[in-house]
Amino acid sequence: MVQKYQSPVRVYKHPFELVMAAYERRFPTCHLIPMFVASEVVDEETSEDGSTHKIERRCALDVDAPRLLKRIAGVDYVYFIQKNTLNRKERTLHIESHNETFSNRVIIHETCCYSVHPENEDWTCFEQTASLDIKSFFGFESTVEKVAMKQYASSIKKGKEIIEYYLKELEDEGITHVPRWTPSSLSLPLPNPSSLSTAQPDLPKLTITPAVSPPLAADVKDGPTLDVKQDGVALPSDSLVEILAGTPEDKLDADYIKRYLGDLTPLQESCLIRLRKWLQETHKGKIPKDEHILRFLRARDFNMDKAREILCQSLTWRKQHQVDYLLETWTSPQVLQDYYTGGWHHHDRDGRPLYILRLGHMDTKGLVRALGEESLLRHVLSINEEGLRRCEENTKVFGRPISCWTCLVDLEGLNMRHLWRPGVKALLRIIEVVEANYPETLGRLLILRAPRVFPVLWTLVSPFIDENTRKKFLIYAGNDYQGPGGLVDYIDKEIIPDFLGGECMCEVPEGGLVPKSMYRSAEEVENEDVRLWTETIYQTASIFKGAPHELLIEIIDAHSVITWDFDMCKGDVVFNIYHSKRAPQLPRKDPLGAHGITSPGGNNVQLIDKSWTLGQDYSMVESPLTCKEGESVQGSHITRWPGFYILQWKFHSMPACSATNLPRVDDVLATLQVSSHKCKVMYYTEVLGSEDFRGSMTSLESSHSGFSQLSAATTSSNQSQCSSMISR
């Protein structure tokens, strides 16, 4: 498996030329990097005008690997080839390195780039990426990978410190400014620190050419570069400039991460950046905020694949049920305002928002009977949405990252009445939804005055709570919370609620029994639940091999705009748009009739009759668009003619082998097991008059396709080309 690393943008608040002077002091050796034994120049060239300088070095690293591993490998040092391209005119330094030792067994590739800050020409940016691919290593592949990642993680943070060290050294020597390159200055080289003129030590002699994969040549550059690929070098200059010129929303700055997201290890930073980049590519214009992405990574111990899976499921859920607009659209019924015994109350000692729930005073049975499970769920979701908002607010107020809240649960009054089966069922459902969509939002749970019946409730509930979440629970029986190690350790004395012996008035409702006159029949509650939880502008459909899903849109006025917004929940499809002058027949819902198999379920409609001929009975008005699983697609089409337009989602089949006309095994199996070839799409369409059209679907307020609460200001409006536009 290939291990990858992507760094955030690290900023030096010094001019590019001065940073380059500091960088050159790292050669031929650097005492701040003990593993960097020596380096020698193997090739060097300078352009005629002196603006471009290329240099290639062979670097020796003394890897901190187990002695047994070194003996088996038969090497003492690891050799890397480093190629630097300094463009004084463009003020960029591209660095690329790869391992020479054991290159047939281990592939280490690293690129990095120094460039001018896009918003301040007196500052310098640094980015890097790296990859490690271990083909084979005498049966020690796993050990080598761990050694490599450990070496890299321990040394990557030193990179910036080393540059800062040499910048300070230059300042002590009176060098605080290095003039920029100009065509007339070709004979004026950059000031070279004294260390540059020292004789280069001989490289240790090696009898074996390959090398242990552990460290990357990054240690020779801006900080350890083990198995990483640094950013920029492998890219053409044009694309590199495009990346570096991006807005702050496009890239993450290391200082921003520390200020708003907290202290992350280099590998954790890399996971965040790579997942964020993937979301930008597949969910253009509406990615969640960095804090939200980070919560899902933490919930899966920074396993990017697992985090991506649950995050995509959550984003689809949020879109389908319009959770992003919950705070704006949801108004709690009066019975909740009077009898739901929970509310926000200042913050704890760490600055986390504090939510108080007097569960023992809550009539759970009465609330479920009066409101239904779905209304309670929506209320709890609104509480979580408000919690996210308060975390952002407190992050700004306290000047440090605050990504979760503290919940105080008072169980005084809890008894067997609270173990009413439908009430417990509703609680478990709520826990399940919150766990799946709000991971790592609970920083601490303080359970006070737990009665004897609490172990029974805990036995029922705890299996549904994530293990990491359970570790955040602190349980106090009786008045234990009043002593040392109790409430005062987590909440300032001045804001302890009056009902817990404090002096602060708490506005959480007293609760009490819900009057039975407010109870509703099971049928009324069920109808209300269905209305609440099915209120969505999105529809879902299933697509099968040989059975596309098609949607008919009739256009009366030419130059209308058909807009769409859909998510690929499962599988890959090809999206097409067709036009026909005549209306298709009534929808057929026998998607698998061709195979003699009944549809396994799901909404699937076919409109295009098999007797129709493309180009005669109907025509394609857009180029086919292949959509991958997990992608979010928005777009629009400006119609040229009135008539009937058909949006089609078709199962995406891999191309058959061109060497033979025989059917593939997969195609044969597909006719027998169609259910294994099922895709699922969630979509929304709307037809607008041309005068109401304001850009792509990502900018249409009427589409409700953005994440208003969770997305950063990353929406982008793509200009339509000719008659249509598709954006992803």
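Predicted model: local features only at pLDDT ≥ 70, side-chain atom pairs only at ≥ 80, totals over all residues.

Trainee: OK, how many residues of strand β21 are buried?

Mentor: Eight of the nine in residues 643–651, so β21 is largely enclosed by the rest of the structure. Buried means under 20% relative accessible area, exposed over 50%, and partly exposed in between, with a 1.4 Å probe and protein chains only. Strands here are DSSP runs of E, at least two residues, and helices are runs of H or I, at least four, numbered from the N terminus.

Trainee: Which way does β15 run against β21, parallel or antiparallel?

Mentor: Antiparallel, with seven bridges joining β15 (residues 549–555) to β21. Two strands pair if DSSP finds at least two bridges between them. I553 has Y645 of β21 as its bridge partner.

Trainee: And how many bridges join β17 to β21?

Mentor: Eight, and β17 (residues 573–580) also runs antiparallel to β21. There, I577 stands opposite L647.

Trainee: Switching to helices: at what angle do α1 and α4 cross?

Mentor: Roughly 105 degrees, and the axes of α1 (residues 16–24) and α4 (residues 158–172) come within 8 Å. They are therefore roughly perpendicular to each other, a label for angles of 65 to 115 degrees. L18, V19, A21, A22 and Y23 of α1 make the contact with I163, Y166, L167 and L170 of α4, where contact means heavy atoms within 4.5 Å.

Trainee: What about α6, which of its residues are buried?

Mentor: A254, I257 and L261, in a helix spanning residues 254–261. They cover an arc of only 75 degrees around the axis, which puts them on the same side of α6; the arc is that of the directions from the helix axis to the C-beta atoms. Those buried residues pack against β2 (10–12), α7 (266–282) and α8 (290–299).

Trainee: Last one: is K425 buried or exposed?

Mentor: Exposed, with a relative accessible area of 58%. K425 lies in α14 (residues 421–437). K425 and V461 are 36 residues apart in sequence and 9.7 Å apart in space, C-alpha to C-alpha.

Key: Residues numbered from 1 in each chain as written. Heavy atoms only, no water. Axes fitted to C-alpha atoms, helices over the stretch in contact; angles between N-to-C directions. Parallel < 35°, antiparallel > 145°, perpendicular 65-115°, else oblique.
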